[in-house]
Amino acid sequence: MMHANGRVTTAAGPHKRFEALFNGRAFAPHRHDTYTFALTLKGVQSFEYRGACRHSLPGELVILHPDELHDGMAGTDEAFGYRGLNIRPEEFEHALAGRALPFIEGGRSTDRQLIALVHDLVRDLATPVNALDWSAAMTELADRLCAVETGQDIDRPIDHRAVYRARDHTLAHLDEPITMEALENVTGRSRWNLARDFRALMGTSPYRYVTLRRLDAARVLIANGTPLASAACATGFSDQAHLTRQFKGNFGVTPKAWVKLLDTWTHGTIIQ
């Protein structure tokens with residue numbers, strides 16, 4: 001989609017994710033009823049917000065609270081670009097469990113954990129975010145926003161048994177679609193509490209855990225000469241392109257490049 005001073009590219013899938021590049025003044029003052037998270041990638045992203053002009057540099061995160069008046073403009077003569085997403089407050093409702101919506105003073109943050117969570121959601125705009133991953137991400141975002149707002153991490157008891165049941169169910173059904181509804185039924189825990197506990201014990205979200213275990217299986221097949229399209233089909237990926245994107249995103253190289261590296265290591269000289 002073209003804009004008077006730039007370009008906005010929307011992501012695949014039902015969630016409002018996008019990439020934008022603007023010159024000069026991008027937006028007049030306006031409001032919307034969603035949170036806006038915008039990870040600055042290029043230039044200086046400037047905006048009037050709560051009576052002051054704010055500036056976000058590459059690597060920093062803009063966080064606009066619902067119903068707050070704001071605009072948007074380049075902070076220098078150069079264009080500015082960012083990747084972002086809009087999230088309805090009710091998507092945080094269960095994760096907040098009755099707490100007020102968190103407010104980030106100044107509309108920007110350099111918190112590494114918060115930036116990493118947003119980065120994971122906007123890193124691959126070509127692939128829709130899986131419902132399992134989105135539910136987990138909403139829980140993690142809500143918790144981290146509250147921690148940044150108050151300066152204190154939230155300490156909650158962990159249901160170890162529920163996490164292990166979810167893990168075992170995942171490993172037994174890797175060749176099938178795995179949903180949060182199924183994990184709720186297996187564990188007896190809500191998806192939001194389960195997502196928190198799963199990350200606390202397993203170090204990652206339920207969806208990412210599923211993806212990594214499928215990639216483990218795909219690597220074995222690929223190393224043994226299985227064509228990429230067949231390996232993708234056998235390990236739960238939608239197609240070869242999906243497998244390739246996930247493979248590179250998690251291991252830093254494409255499957256084909258990884259096979260070449262594997263071959264070089266296998267047939268290379270071992271230094272004594």
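Among contacts between residues at least 6 apart in sequence, 68% join residues at least 24 apart. The model is predicted. The chain holds ten helices and eleven strands. Of its 272 residues, 45% count as buried.

**Extent and confidence**

- Taken along the principal axes, the C-alpha atoms fill a box of roughly 60 × 45 × 40 Å.
- Mean pLDDT for the chain is 87. A pLDDT of 70 or more is reached by 94% of the residues.
- Residues 268-272 have pLDDT below 50. Beyond near neighbours in sequence, this stretch makes zero contacts in the model.

**Helix α4 against helix α5**

- Helix α4 spans residues 160-172, and helix α5 spans residues 180-187.
- Their axes come within 9 Å. The crossing angle is roughly 125°.
- The crossing of α4 past α5 is right-handed.
- On the α4 side, the contact is made by Ala162, Arg165, Ala166, His169 and Thr170. On the α5 side, Ala182, Leu183, Val186 and Thr187 take part.
- By class, this contact of α4 with α5 has five nonpolar residues, three polar and one charged.

**Helix α4 against helix α7**

- Helix α7 covers residues 206-223. It packs with α4 at an angle of about 35°. The two axes are 10 Å apart.
- α4 passes α7 in a right-handed crossing.
- Arg167, Thr170 and Leu171 supply the α4 side of the contact. Tyr209, Val210 and Arg213 supply the α7 side.
- The contact of α4 with α7 divides into three nonpolar, one polar and two charged residues.

**The loop at Gly51**

- Gly51 sits in the loop between β6 (45-49) and β7 (52-56).
- Gly51 counts as exposed because its relative accessibility is 81%, and the cut-off for exposed is over 50%.
- Gly51 and His70 are 19 residues apart in sequence. Their C-alpha atoms are 9.4 Å apart in space.

Notes:
Residues are numbered from 1 along each chain as its sequence is written. This is a predicted model: local features need pLDDT of at least 70, side-chain atom pairs count only at pLDDT 80 or more; totals for chains, interfaces and linings use all residues. Side-chain values use heavy atoms; hydrogens and water are left out. Axes are lines fitted to C-alpha atoms, for helices over the stretch in contact, and angles run from 0 to 180 degrees between N-to-C directions. Helices (H or I, at least four residues) and strands (E, at least two) are DSSP runs, numbered from the N terminus. A crossing is left-handed if the near helix is turned anticlockwise from the far one by less than a right angle, and right-handed if clockwise. Contact means heavy atoms within 4.5 Å. Ala, Val, Leu, Ile, Met, Phe, Trp, Tyr, Cys and Pro count as nonpolar, Asp, Glu, Lys and Arg as charged, and the others, Gly among them, as polar. pLDDT is the predictor's confidence in each residue, from 0 to 100. Buried means under 20% relative accessible area, exposed over 50%, partly exposed in between (1.4 Å probe, protein chains only).
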